Amino acid sequence: MTVVSIQVITSTGCILRNWSIISGFADTITFGQLFTEVVAGSYESAKDFVLPEELRNNRVLAEVSKTRSDFQHVQFGDRVVDITSLFGHYVRYTVIVPAEASLDPCASRSSEDRPSAFSILMDSAKKLKLPQTAIPAKTKKDELFNELVRFFANSGLGWYDVKDGENLLKV
């Protein structure tokens, strides 16, 4: 079973869904199917995500990376398991917004509606984090580590500091 961390943004840089761990999908699922299921609220960690109505028919790009930077474009028809095992488990979907600012959900929000940088930092500090799985698993110890990370992800468990989780699981 593959575990990915996804983010949904617009081409203007507006964050529609910040990083969320998604697991429990079939090995045959494609990036297009995964996006459709995330938008439909099929995963517990993304149930609260709502794609704005005005963006539902827009073109979407999928990208993957081993870190939260240096993303590589992938095709919507590519299988998630095949690509993430090679290029990393961070998946970012970018919803293309035409030049008209009226379609950009961030541009239409007033500054009072936008969260402050402090509140974003405080919210992210409260989220539970998991260490990245050892890909590829070369030893039985790596396999056990990966299985424990998947177990914690499926159970909704984690650590506030990912280093704590790595240290505990590597012992």
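## A contact at the end of a strand

A polar contact is a pair of N or O atoms within 3.5 Å, and within protein one of them must be able to donate a hydrogen and the other to accept it. In this predicted model, the side chains of Thr 10 and Thr 12 make such a contact, at 2.7 Å.

Thr 10 belongs to strand β1, which covers residues 4–10. Is Thr 10 buried or exposed? Its relative accessibility is 1%, and buried means under 20%, so Thr 10 counts as buried.

## How confident is the prediction?

Averaged over the protein, pLDDT comes to 81, and 89% of the residues score at least 70. Among the elements, strand β3 (residues 60–65) has the highest mean, 93, while helix α3 (residues 105–108) has the lowest, 62.

In soluble globular proteins, nonpolar side chains tend to be buried together. Here, the largest nonpolar core has 27 residues, and the ones touching the most other members are Phe 31, Leu 34 and Tyr 93. Which elements give two or more residues to this core? They are β1, β2 (15–22), α1 (31–39), β3, α2 and β5. Helix α1 gives the largest share, four residues.

Take a look at Tyr 93 and its neighbours. Leaving aside residues up to four places away in sequence, Tyr 93 touches Gln 7, Val 8, Ile 9, Phe 31, Leu 34, Phe 35, Val 60, Leu 61, Ala 62 and Phe 76.

## A buried histidine in a loop

His 89 sits in the loop between α2 (80–87) and β5 (90–95). With a relative accessibility of 11%, His 89 counts as buried. Not counting residues up to four places away in sequence, His 89 touches Thr 2, Val 3, Val 4, Ser 5, Ser 65, Thr 84, Thr 133 and Ile 135.

Helix α5 runs over residues 140–155, which makes 16 residues. From first C-alpha to last, α5 reaches 22 Å, close to the 22 Å expected at 1.5 Å a residue.

Which residues of α5 are buried? They are Phe 145, Asn 146, Val 149, Arg 150, Phe 152 and Ala 153. Seen down the axis of α5, these buried residues fall within an arc of 160 degrees, so they line one face of the helix. The face turned away from that buried side carries the exposed residues Lys 140, Lys 141 and Leu 144. After α5 comes Gly 156, with a positive phi near 75 degrees.

Technical notes: Residues numbered from 1 in each chain as written. Predicted model: local features only at pLDDT ≥ 70, side-chain atom pairs only at ≥ 80, totals over all residues. Heavy atoms only, no water. Buried < 20%, exposed > 50% of the residue type's maximum accessible area, 1.4 Å probe, protein only. Expected span 1.5 Å × (residues − 1). Arc of directions from axis to C-beta. pLDDT = per-residue confidence, 0-100. Contact = heavy atoms within 4.5 Å. Core = buried A, V, L, I, M, F, W, Y, C linked by side-chain atoms within 4.5 Å.
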